[in-house]
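Hello,

Here is the structure I promised to pass on to you.

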Amino acid sequence: MSEKKKKKQLSLPPALIILFIVLAFIVVLTWFVPVSTVTVNDAGEQVVHYNTMTGENGELIKNAGTQPAGIWDLFLAPIKGFQSGADVNFSILISGAFLAIINATGAIDAGIGALLKKLSGKKLIAILMFIFAMMGTVYGSCEELPAYALVLIPLCVTAGYDVVTGIMVLFRRRRHRKYGFCRQSVCYRRSRGCHR
(Lines give C-alpha, C1' and ligand atoms only; values in the text may rest on other atoms or scores of the structure.)
Protein backbone atom coordinates (compact mmCIF):
# COMPACT_ATOMS: atom_id res chain seq x y z
CA MET A 1 0.00 0.00 0.00
CA SER A 2 2.72 2.49 0.90
CA GLU A 3 4.47 1.86 -2.45
CA LYS A 4 1.25 2.61 -4.36
CA LYS A 5 0.78 5.86 -2.44
CA LYS A 6 4.36 6.89 -3.23
CA LYS A 7 3.79 6.18 -6.92
CA LYS A 8 0.65 8.32 -6.93
CA GLN A 9 2.46 11.17 -5.20
CA LEU A 10 5.28 11.14 -7.78
CA SER A 11 2.99 11.49 -10.81
CA LEU A 12 3.38 14.48 -13.10
CA PRO A 13 1.04 17.45 -12.70
CA PRO A 14 -1.44 18.23 -15.50
CA ALA A 15 -0.16 19.82 -18.71
CA LEU A 16 -1.67 23.25 -17.94
CA ILE A 17 0.16 23.38 -14.60
CA ILE A 18 3.45 22.51 -16.32
CA LEU A 19 2.84 25.24 -18.92
CA PHE A 20 2.06 27.76 -16.20
CA ILE A 21 5.29 26.86 -14.37
CA VAL A 22 7.28 27.35 -17.60
CA LEU A 23 5.52 30.68 -18.18
CA ALA A 24 6.34 31.82 -14.63
CA PHE A 25 9.99 30.84 -15.22
CA ILE A 26 10.04 32.94 -18.41
CA VAL A 27 8.57 35.90 -16.51
CA VAL A 28 11.36 35.61 -13.93
CA LEU A 29 13.93 35.51 -16.75
CA THR A 30 12.65 38.84 -18.10
CA TRP A 31 14.09 40.48 -15.00
CA PHE A 32 17.62 39.26 -15.79
CA VAL A 33 17.95 38.66 -19.56
CA PRO A 34 18.21 41.76 -21.77
CA VAL A 35 15.89 42.21 -24.74
CA SER A 36 17.08 41.05 -28.17
CA THR A 37 15.76 41.72 -31.66
CA VAL A 38 15.94 39.58 -34.80
CA THR A 39 16.15 41.31 -38.19
CA VAL A 40 16.68 40.06 -41.74
CA ASN A 41 19.57 41.48 -43.74
CA ASP A 42 19.70 42.03 -47.52
CA ALA A 43 20.99 38.49 -48.11
CA GLY A 44 17.89 37.05 -46.40
CA GLU A 45 19.76 35.85 -43.29
CA GLN A 46 18.41 36.39 -39.80
CA VAL A 47 20.63 38.54 -37.58
CA VAL A 48 20.22 38.65 -33.79
CA HIS A 49 20.90 42.03 -32.16
CA TYR A 50 21.54 41.50 -28.46
CA ASN A 51 20.51 44.11 -25.90
CA THR A 52 18.39 46.01 -28.44
CA MET A 53 14.70 46.56 -28.96
CA THR A 54 12.57 47.82 -31.82
CA GLY A 55 11.18 51.33 -31.55
CA GLU A 56 7.77 52.55 -32.69
CA ASN A 57 9.07 53.44 -36.17
CA GLY A 58 11.02 50.19 -36.61
CA GLU A 59 14.43 51.58 -35.61
CA LEU A 60 16.75 49.57 -33.36
CA ILE A 61 17.32 51.01 -29.89
CA LYS A 62 20.65 49.82 -28.50
CA ASN A 63 21.41 49.18 -24.81
CA ALA A 64 17.73 48.60 -24.09
CA GLY A 65 18.41 46.48 -21.01
CA THR A 66 15.73 44.28 -19.54
CA GLN A 67 11.98 44.68 -19.96
CA PRO A 68 10.72 43.00 -16.79
CA ALA A 69 7.26 41.47 -16.82
CA GLY A 70 5.04 41.68 -13.76
CA ILE A 71 2.55 39.37 -12.12
CA TRP A 72 -0.28 40.84 -14.20
CA ASP A 73 1.63 40.02 -17.40
CA LEU A 74 1.91 36.42 -16.20
CA PHE A 75 -1.86 36.04 -16.17
CA LEU A 76 -2.50 38.08 -19.32
CA ALA A 77 0.08 36.25 -21.47
CA PRO A 78 -2.15 33.23 -22.28
CA ILE A 79 -5.07 35.51 -23.14
CA LYS A 80 -2.94 37.67 -25.44
CA GLY A 81 -1.44 34.53 -26.99
CA PHE A 82 -4.85 33.08 -27.78
CA GLN A 83 -5.97 36.43 -29.16
CA SER A 84 -2.97 36.83 -31.47
CA GLY A 85 -3.21 33.22 -32.67
CA ALA A 86 -7.01 33.11 -32.95
CA ASP A 87 -7.03 32.23 -36.65
CA VAL A 88 -4.69 29.28 -36.15
CA ASN A 89 -6.51 28.12 -33.01
CA PHE A 90 -9.85 28.26 -34.78
CA SER A 91 -8.63 26.32 -37.81
CA ILE A 92 -7.07 23.64 -35.56
CA LEU A 93 -10.35 23.26 -33.67
CA ILE A 94 -12.33 23.06 -36.91
CA SER A 95 -9.93 20.47 -38.39
CA GLY A 96 -10.02 18.38 -35.21
CA ALA A 97 -13.81 18.54 -34.98
CA PHE A 98 -14.18 17.62 -38.64
CA LEU A 99 -11.95 14.58 -38.27
CA ALA A 100 -13.63 13.51 -35.02
CA ILE A 101 -17.08 13.57 -36.67
CA ILE A 102 -15.84 11.74 -39.75
CA ASN A 103 -14.10 9.13 -37.59
CA ALA A 104 -17.17 8.59 -35.37
CA THR A 105 -19.37 7.88 -38.39
CA GLY A 106 -16.92 5.36 -39.85
CA ALA A 107 -16.50 7.39 -43.01
CA ILE A 108 -12.72 7.42 -42.67
CA ASP A 109 -12.47 3.64 -42.92
CA ALA A 110 -14.87 3.56 -45.86
CA GLY A 111 -13.02 6.39 -47.60
CA ILE A 112 -9.65 4.72 -47.11
CA GLY A 113 -11.01 1.49 -48.56
CA ALA A 114 -12.54 3.22 -51.58
CA LEU A 115 -9.40 5.26 -52.20
CA LEU A 116 -7.17 2.20 -52.05
CA LYS A 117 -9.38 0.37 -54.57
CA LYS A 118 -8.99 3.18 -57.12
CA LEU A 119 -5.42 4.30 -56.49
CA SER A 120 -2.26 2.54 -55.45
CA GLY A 121 1.48 2.96 -55.38
CA LYS A 122 3.14 6.11 -56.59
CA LYS A 123 -0.09 7.69 -57.87
CA LEU A 124 -1.58 7.66 -54.37
CA ILE A 125 1.52 9.22 -52.80
CA ALA A 126 1.83 11.86 -55.53
CA ILE A 127 -1.84 12.91 -55.27
CA LEU A 128 -1.73 13.09 -51.48
CA MET A 129 1.49 15.11 -51.52
CA PHE A 130 -0.05 17.49 -54.04
CA ILE A 131 -3.19 17.96 -51.90
CA PHE A 132 -1.25 18.74 -48.74
CA ALA A 133 1.22 20.96 -50.61
CA MET A 134 -1.73 22.96 -51.96
CA MET A 135 -3.14 23.24 -48.44
CA GLY A 136 0.18 24.74 -47.35
CA THR A 137 0.42 27.01 -50.37
CA VAL A 138 -3.11 28.38 -50.48
CA TYR A 139 -3.76 29.14 -46.85
CA GLY A 140 -0.54 28.22 -45.03
CA SER A 141 -1.64 25.19 -43.05
CA CYS A 142 1.39 24.24 -41.01
CA GLU A 143 -0.17 23.88 -37.57
CA GLU A 144 -3.29 22.02 -38.71
CA LEU A 145 -1.49 19.12 -40.39
CA PRO A 146 -0.92 16.87 -37.34
CA ALA A 147 -4.69 16.33 -37.12
CA TYR A 148 -4.66 14.85 -40.63
CA ALA A 149 -1.99 12.33 -39.58
CA LEU A 150 -4.82 10.35 -37.97
CA VAL A 151 -6.18 9.69 -41.45
CA LEU A 152 -3.07 9.69 -43.58
CA ILE A 153 -0.81 7.35 -41.61
CA PRO A 154 -3.36 4.47 -41.51
CA LEU A 155 -3.99 5.06 -45.22
CA CYS A 156 -0.29 4.68 -46.04
CA VAL A 157 0.11 1.65 -43.77
CA THR A 158 -2.93 -0.02 -45.38
CA ALA A 159 -1.44 0.72 -48.81
CA GLY A 160 1.72 -1.17 -47.83
CA TYR A 161 3.97 1.74 -46.88
CA ASP A 162 5.41 2.47 -43.46
CA VAL A 163 4.53 5.19 -40.95
CA VAL A 164 7.43 7.41 -42.06
CA THR A 165 5.93 7.61 -45.56
CA GLY A 166 2.68 8.95 -44.13
CA ILE A 167 4.55 11.55 -42.08
CA MET A 168 6.65 12.62 -45.06
CA VAL A 169 3.56 13.05 -47.24
CA LEU A 170 2.29 15.54 -44.66
CA PHE A 171 5.45 17.42 -43.82
CA ARG A 172 7.66 17.20 -46.92
CA ARG A 173 6.60 20.59 -48.24
CA ARG A 174 7.73 22.38 -45.08
CA ARG A 175 11.33 22.21 -46.32
CA HIS A 176 10.41 24.59 -49.15
CA ARG A 177 9.20 27.43 -46.92
CA LYS A 178 12.12 29.68 -47.88
CA TYR A 179 11.21 29.36 -51.57
CA GLY A 180 7.81 31.00 -51.15
CA PHE A 181 5.45 28.09 -50.57
CA CYS A 182 4.35 29.19 -47.09
CA ARG A 183 2.55 32.36 -46.07
CA GLN A 184 5.38 33.48 -43.77
CA SER A 185 7.72 33.85 -46.72
CA VAL A 186 5.00 35.64 -48.73
CA CYS A 187 4.61 38.16 -45.92
CA TYR A 188 8.38 38.54 -45.79
CA ARG A 189 8.58 39.20 -49.53
CA ARG A 190 5.77 41.77 -49.32
CA SER A 191 7.48 43.54 -46.42
CA ARG A 192 10.62 43.76 -48.55
CA GLY A 193 8.69 45.48 -51.36
CA CYS A 194 8.33 42.47 -53.68
CA HIS A 195 4.68 41.76 -54.64
CA ARG A 196 5.21 38.69 -56.80
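**What I found**

Val-22 is a residue of helix 2, which covers residues 15-29; helices (H or I, at least four residues) and strands (E, at least two) are DSSP runs, numbered from the N terminus. With a relative accessibility of 43%, Val-22 counts as partly exposed, because that class sits between buried (under 20% relative accessible area) and exposed (over 50%), with a 1.4 Å probe and protein chains only.

Before going further, a word on the source: this is a predicted model, in which local features need pLDDT of at least 70 and side-chain atom pairs count only at pLDDT 80 or more, while totals for chains, interfaces and linings use all residues. Residues are numbered from 1 along each chain as its sequence is written, and side-chain values use heavy atoms, with hydrogens and water left out.

**The chain as a whole**

Nine helices and four strands make up the secondary structure of the chain. Along the sequence, the pattern reads α-α-β-β-β-β-α-α-α-α-α-α-α. Of the 196 residues in the chain, 20% are buried.

**The largest pocket**

The largest pocket holds about 330 Å³ of space. On a 1 Å grid over the protein atoms alone, a pocket is an open set of points where a 1.4 Å probe fits, with protein on both sides within 12 Å along at least five of seven lines; lining residues have an atom within 4 Å of a point. Grid points are joined across faces, edges and corners, and the volume is the space filled by probe spheres set on the points.

There are 19 lining residues, and Ile-112, Leu-115, Leu-128, Val-151 and Leu-155 lie nearest the centre of the pocket. Helix 4 (86-105), helix 5, helix 6 (122-139) and helix 7 (145-158) each give two or more residues to this lining. Helix 6 gives the most, with six residues. By class, the lining has 18 nonpolar residues, one polar and no charged ones; Ala, Val, Leu, Ile, Met, Phe, Trp, Tyr, Cys and Pro count as nonpolar, Asp, Glu, Lys and Arg as charged, and the others, Gly among them, as polar.

**Gly-113 and Thr-158**

Gly-113 lies in helix 5 (residues 107-118) and is partly exposed, at 31% relative accessible area. Thr-158 belongs to helix 7 and counts as exposed, at 54%.

Best wishes
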